[in-house]
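Hi there,

Here is the structure I promised to pass on. Have a look at it first, and then read my notes below.

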Number of protein chains: 2
Amino acid sequence: MSDQDVLPQTVTRPRRIVVQPAGHDNCAECEVRSRSVCAALDIDDLSRLAALAQQIVVPAGQGFIADGARAEHFYNVTHGTVRLYKLLPDGRRQITGFAGPGHFLGLAVSTCYAFDAEAIDDVTLCRFSRTRLHGLMGDLPSLERRLLEVAASELVLAQEQMLLLGRKTARERLASFLMHMLPDGCTHGSDQTRLHLPMPRADIADYIGLTVETVSRSFSWLKSERLIAIPSALDVEVRDIAGLRQVANGS
Amino acid sequence: MSDQDVLPQTVTRPRRIVVQPAGHDNCAECEVRSRSVCAALDIDDLSRLAALAQQIVVPAGQGFIADGARAEHFYNVTHGTVRLYKLLPDGRRQITGFAGPGHFLGLAVSTCYAFDAEAIDDVTLCRFSRTRLHGLMGDLPSLERRLLEVAASELVLAQEQMLLLGRKTARERLASFLMHMLPDGCTHGSDQTRLHLPMPRADIADYIGLTVETVSRSFSWLKSERLIAIPSALDVEVRDIAGLRQVANGS
DNA sequence: CCGGCGCATTGATTCAGATCAATCTTCCCT
DNA sequence: AGGGAAGATTGATCTGAATCAATGCGCCGG
């Protein structure tokens with residue numbers, strides 16, 4: 001046991017954030033482009049955007065945006081899932097959102113970020129200089145328009161989350177959360193009801209304003225009501241979408 | 001008592017929403033212009049905006065935006081205060097924000113509103129056609145830029161509210177609410193600590209996710225701690241801003 | 001194959017805030 | 001001035017979720 005363990009942890013994954021310095025001309029073939037802000041741009045404009053982009057890789061558990069730090073970058077998630085959260089001085093945490101492939105991060109007006117961001121699993125991001133992207137926005141009104149759309153739809157989501165946090169019961173919160181996690185378009189009909197949750201129970205708890213125990217009990221309750229099945233903790237099968245929606249909206 | 005009371009209520013205030021059809025060239029002298037999105041425009045552009053504007057007056061208690069209705073207008077508050085909220089089918093209400101003079105309303109991406117809006121006191125608004133304002137935005141990038149700023153700062157507020165609703169205690173919530181209500185710039189220093197709340201206790205309760213009773217008890221507690229004084233229900237005097245901030249952030 | 005560590009579940013008990021129930025206050029309206 | 005209604009406060013009790021406390025279940029490393 002006296003080998004080269006110079007670091008306290010024994011991790012096989014990359015421990016530090018990796019920045020792919022350049023050579024990133026592949027925006028045109030980016031698999032998340034259609035879902036991201038980049039969808040607003042045609043091929044020519046895209047290359048101007050690509051010139052600003054760096055690819056960065058963040059290992060699971062690592063933070064890459066810190067509350068209060070100067071906001072020098074925007075990010076676009078290409079792989080993996082990110083948790084965005086705010087902390088109280090005593091450590092209480094509220095997760096304000098999860099960002100998966102295609103999501104845009106860093107829409108702060110102020111010069112500083114007002115939240116933290118951490119990789120849940122291994123995450124790959126496109127990073128843009130804030131000032132340079134701002135400059136580009138003057139030239140590319142469609143990009144700015146797209147950002148406004150993104151901001152407005154985030155706002156709608158935030159308002160739904162306020163309703164959830166302020167007025168829903170534990171079971172209603174979990175049901176609402178699962179409904180939101182369902183891929184778009186399968187909220188109606190009973191197709192494609194398999195669901196993989198990238199985040200652990202503690203993250204769900206801090207997102208919907210409960211404790212881990214209450215989340216677990218609510219999962220068990222939904223299971224006992226035959227609304228879902230839980231093949232493994234991170235995999236949920238929605239058995240009765242309509243029923244789940246009923247619960248989510250207060251029976 | 002058998003006079004002309006053809007309506008169930010006996011109200012002296014205007015009962016219906018009044019639309020001032022036109023003659024609204026006074027944007028240049030608008031007293032809320034500097035605080036509103038209109039601040040982004042110079043005098044010439046302002047007149048183009050003014051051409052789209054209608055002034056509407058909404059009596060206290062009246063709704064003027066309905067959840068699910070087609071989103072045909074944007075609004076700018078010029079006088080009074082508006083409550084924005086979402087309802088659950090069984091009537092539980094979450095107020096997602098209050099909008100006072102200068103505030104911009106209607107930033108929905110979708111074709112339909114996803115919230116309700118009601119006048120708290122008598123409210124005056126500037127109303128713009130959604131489609132025409134969208135058209136104007138193409139010509140006036142500074143307007144679009146300003147809207148993006150507004151949306152981004154709303155988002156920051158929404159995230160703080162999620163932290164409040166998900167993780168703060170009753171006292172912390174009320175203290176946070178009062179801190180937010182303080183006019184900008186008086187969060188530090190002990191000047192100007194008088195505060196008028198336009199909304200009743202029930203609205204505060206539905207905003208910070210509590211019941212009226214708990215709001216009232218929390219007010220009494222803050223008073224007993226000498227952090228505030230309550231000359232009348234709607235008037236609060238902040239006695240100890242630093243202390244109130246401490247409570248707001250979890251002692 | 002076994003041991004241990006990190007997460008998830010389940011059970012027992014407590015507690016902050018909801019609910020139920022009186023007052024109290026303010027301010028119209030007559 | 002007086003009566004009443006709407007809002008606010010205060011008190012008594014209840015309850016849903018938090019907290020405290022064991023297990024249970026994979027999964028990885030040896």
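This is a predicted model: local features need pLDDT of at least 70, side-chain atom pairs count only at pLDDT 80 or more; totals for chains, interfaces and linings use all residues.

Let me start with the open sheet of chain B, which has five strands in the order S1-S2-S9-S4-S7 with antiparallel pairing. Strand S1 (18-20) and strand S7 (104-105) of chain B are the edge strands; each has a single partner, so one side of each is left without a neighbour in the sheet. S7(B) is joined to strand S4 (residues 73-79) of chain B by two bridges, and B:Tyr75 stands opposite B:Leu105 there. Helix H2 (residues 130-139) of chain B lies across S4 and strand S9 (123-129) of chain B, at about 65 degrees to S9(B).

Next comes strand S5 (residues 82-87) of chain B. Five of its six residues are buried, so the strand is largely enclosed by the rest of the structure. S5(B) runs antiparallel to S6(B), with six bridges between them; B:Val82 has B:Ala99 as its bridge partner in S6(B). Five residues lie between the two strands of this hairpin, where B:Gly91 takes a positive phi near 100 degrees.

Finally, the interface: 35 residues of chain B are in contact with 35 residues of chain A. Strand S6 (93-99) and helix H3 (141-167) of chain B are the elements that each give two or more residues to this side of chain B, and H3(B) provides the largest share, 20 residues. By class, the side of chain B that touches chain A has 18 nonpolar, nine polar and eight charged residues.

Best wishes

Definitions and conventions
Residues are numbered from 1 along each chain as its sequence is written. Chains are lettered from A and ligands numbered from 1 in the order in which they are written. Two residues are in contact if their C-beta atoms, placed from the backbone, lie within 7 Å. Helices (H or I, at least four residues) and strands (E, at least two) are DSSP runs, numbered from the N terminus. Ala, Val, Leu, Ile, Met, Phe, Trp, Tyr, Cys and Pro count as nonpolar, Asp, Glu, Lys and Arg as charged, and the others, Gly among them, as polar. Two strands pair if DSSP finds at least two bridges between them. Axes are lines fitted to C-alpha atoms, for helices over the stretch in contact, and angles run from 0 to 180 degrees between N-to-C directions. A residue is buried if 20 or more other C-beta atoms lie within 10 Å of its own, exposed if 12 or fewer, and partly exposed in between; C-beta atoms are placed from the backbone.
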